[in-house]
Amino acid sequence: MSVSCGIDFGTTNSAAGVCVHDNCPKLLLLEGENVTIPSALFFDTKTNSVYFGRTAAEMYLMGEDGRYMRSLKRILGTELMGYHTQVGKQVLKFDKIISLFLTNIKNKLDIQAKTNVEHAVIGRPVHFRTNDIEGDKRAQNELEAIAKSIGFKHIEFQYEPIAAAFAHEEKLTSEKLACIIDIGGGTSDFTVIRLGPKLKYKTDRKNDILANSGIMIGGNDFDKRFSISSFMPILGRKTTYGPKLLTVPSSIYFELSEWSKINGAYASKNIAEAEEILSMSHSPGIYRRLLEVLYNNLGHKLLNTVENAKMSLTQQNHLEIQLDFLSDCPSVSLCKPMFEDAIMKDVHQIDVTLNECLTAAQIKPEQIELTILTGGSTQIELIQKQVTKKFPNAQIADTDKLSSVGLGLAYDAKRRFG
Ligand SMILES: Nc1ncnc2c1ncn2[C@@H]1O[C@H](COP(=O)(O)OP(=O)(O)OP(=O)(O)O)[C@@H](O)[C@H]1O
Ligand SMILES: [Mg+2]
C-alpha cells in the first residue's frame, strides 16, 4: 500500500492529509490555497448545482436562491439520517448530502495524490453523542458506510484528539506526558497520552494512551447560548401576547439558534403560528422581526452574525453590531462578560469531562507536562485561562487549531497502512 489518507470531517471545518509512499504526510489543499474547508453546502435552486465550503457560505450570504446547510456531522447517529429533505430542486437523504460533501474532498485527494486513494483513517470524536451508546455506534457505522459508498475500501477510525497528538509529536524533541484538549464546533474531546520522538515509531500505541473522554458540547452550543441570551430578545423572545399576557413560544428561538435545525424553523406551521401571535402581540414592532427572519430565510445569516460576534469577543471586550439585514436595522451592544455568562454552564460541563479523563488516566493535573490545545473553540479566553490554571506545570503547545487533526490522521494512516 503506498498511498493513504486521513480525513477529519469536522462539524464546522474539515481537513485531510495524504501520505504518499515514504514521504512525510502533508495536508491537502481543499479549497483554493486553503488546507481547511468549512463543512457547508449550498444547493442552488436556479442552477440545480451544489457548492461547498467558503463558496457555499458566500452564495447563501449573497442571497442566492437555495438551501444552505452546515453542522451535518451532528446529524450522524440521529433519526434524521433516515429522513429525506428538499435541497434545491431535489429531495435527498442526509447520508447522500454528507457523501456529496465528502466526495468533493475525495476528488481533491485523488487529484493531488494522482491515484484513486482507497485507504483512509477517518477521525471521530470520543463520543458522537452524549450518553447514547447505540447512537454513537450508529454514527460511526453511518460515516463508514458513506466513506465506502464514495470509494474508500479500507477504513479505520481514530479519536480526533489522538490524531492531534500525533501531529504535534512530530515536533517533540523529548518525551512528554501530554493532555490534548480539542474543543471544536460539535464536541469537546480529551486524551492523556505519552508522546515522544522515539515513541512515534512504535506501531502499537495502546500503552501510551492513558485515557480518553468527550462530550457533545462545542462552539455550536456556545453560538446557541449566545444567540438565545443576547440576540433572540431582538426578535421578541420573552415578549408577551394576548389578554392573558402569555409569553410567546420559545421553541422557534431555539431552532433558529442551532445550525442543524434552522431550515426546520421556516416550516409553514411556524410561520402561521407567528402570524397569529403577531396579531395579539404586546410588542409587535419587535415580534415582527421574527416573521421577517422566517419569511426571508435569514436564520443562518443571523446565527452567522452571532458566531462572528463570538469570535470578535476573543479579540476585544466590547462590540456594537447593527443587524442591517432586518428592515429596521436594530443594533445590539455586546461585551465579553455577556458571552462568558452565556457559556459558563457548558464550560463547566467540559471541565467535568476533562477531569474524568484525568481520573481515568490516574494522573493529577500537576503531572501533565504538555497541553495541546486544538479546535477553534480553544481560542476562547475563558477556556484558555481555565486550562492555564488547571495545568500549572504544563507547557502549552501551539498547534494549527483547524488542521492538526487532519494531519495527525494522515500520520496514523502511514503507521497503519504504510
Ligand atoms: N476566535 C474564535 N473564538 C471563538 N470560537 C472560535 C474562534 N474561531 C473559531 N471558533 C469556533 O470554533 C469552532 C470550529 O472549530 P473546529 O474547526 O476546530 O471545529 P470542528 O473540527 O469542525 O468540529 P468538531 O471537531 O467538534 O467536529 C466553531 O464553533 C467556531 O465558531
Ligand atoms: Mg475537530
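Predicted model: local features only at pLDDT ≥ 70, side-chain atom pairs only at ≥ 80, totals over all residues.
I take buried to mean under 20% relative accessible area, exposed to mean over 50%, and partly exposed to mean in between, with a 1.4 Å probe and protein chains only. Residues are numbered from 1 along each chain as its sequence is written, chains are lettered from A and ligands numbered from 1 in the order in which they are written, and side-chain values use heavy atoms, with hydrogens and water left out.

**Entry: aspartate 65**

I looked up aspartate 65 and found 47% relative accessibility, which counts as partly exposed. Aspartate 65 sits in the loop between helix H1 (53–61) and E7; helices (H or I, at least four residues) and strands (E, at least two) are DSSP runs, numbered from the N terminus. For contact I use heavy atoms within 4.5 Å. Leaving out residues up to four places away in sequence, aspartate 65 touches Phe42, Phe43, Asp44, Thr45 and Lys46. I also noted asparagine 297, which is 232 residues from aspartate 65 along the chain; the two C-alpha atoms are 10.0 Å apart.

**Entry: salt bridges**

I count a salt bridge when a side-chain nitrogen of Lys or Arg is within 4 Å of a carboxyl oxygen of Asp or Glu. That rule gives 27 salt bridges.

Which residue forms a salt bridge with arginine 74? The partner is glutamate 258, and the closest N and O atoms are 3.4 Å apart. Arginine 74 is in the loop between strand E7 (66–70) and strand E8 (84–87), and glutamate 258 is in the loop between helix H6 (251–255) and helix H7 (262–265), so the pair ties together parts that are 184 residues apart in sequence. Both arginine 74 and glutamate 258 are buried.

Lysine 202 and aspartate 208 meet through their side chains in another salt bridge, at 3.0 Å from N to O. Lysine 202 is partly exposed at 31% relative accessibility, whereas aspartate 208 is buried at 5%.

I then checked arginine 415, which pairs with aspartate 412 at 3.5 Å between the closest N and O atoms. The two residues are 3 apart in helix H13 (residues 404–417), so about one helical turn separates arginine 415 from aspartate 412. Aspartate 412 is buried, with 3% relative accessible area. Elsewhere, salt bridges with shared partners join Arg74, Asp221, Lys224 and Glu258 into one network.

**Entry: arginine 74 again**

I went back to arginine 74, which counts as buried at 10% relative accessibility. I list a polar contact as a pair of N or O atoms within 3.5 Å; within protein, one must be able to donate a hydrogen and the other to accept it, and residues adjacent in sequence count only if both atoms are side-chain atoms. The side chains of arginine 74 and aspartate 221 make such a contact at 2.5 Å. The arginine 74 side chain also reaches the backbone oxygen of glycine 186 at 2.9 Å. Beyond four places in sequence, the residues touched by arginine 74 include Thr11, Arg129, Met216 and Asn220.

**Entry: helix H5**

Is helix H5 enclosed or open? In H5, 11 of the 13 residues are buried, so the helix is largely enclosed by the rest of the structure. Among the buried residues are Asp221, Asp223 and Lys224. I placed aspartate 223 in helix H5 (residues 219–231), at 1% relative accessibility and therefore buried. Aspartate 223 touches Trp259, Leu303, Val306, Glu307 and Lys310, again without residues up to four places away.

**Entry: ligand 1**

I call a residue near a molecule or strand if one of its heavy atoms lies within 4 Å of it. By that rule 23 residues surround ligand 1, and the closest are Thr11, Thr12, Asn13, Glu307 and Lys310. A polar side-chain atom of glutamate 307 is 2.6 Å from an oxygen atom of ligand 1, and lysine 310 likewise has a polar side-chain atom 2.6 Å from a ligand oxygen. At threonine 12 a polar backbone atom is 2.6 Å from an oxygen atom of ligand 1. The protein covers 94% of the 650 Å² of accessible area that ligand 1 has on its own; these areas come from the Shrake-Rupley method with a 1.4 Å probe, and for residues only the protein chains shown count as cover.

**Entry: cysteines**

How many disulfides does the structure hold? I found 0 disulfides, taking a pair of cysteine sulfur atoms within 2.5 Å as the rule. Cysteine 179 is in no disulfide, and the nearest cysteine sulfur, on cysteine 357, is 5.8 Å away. Cysteine 179 is buried at 0% relative accessible area, and cysteine 335 counts as buried at 17%.
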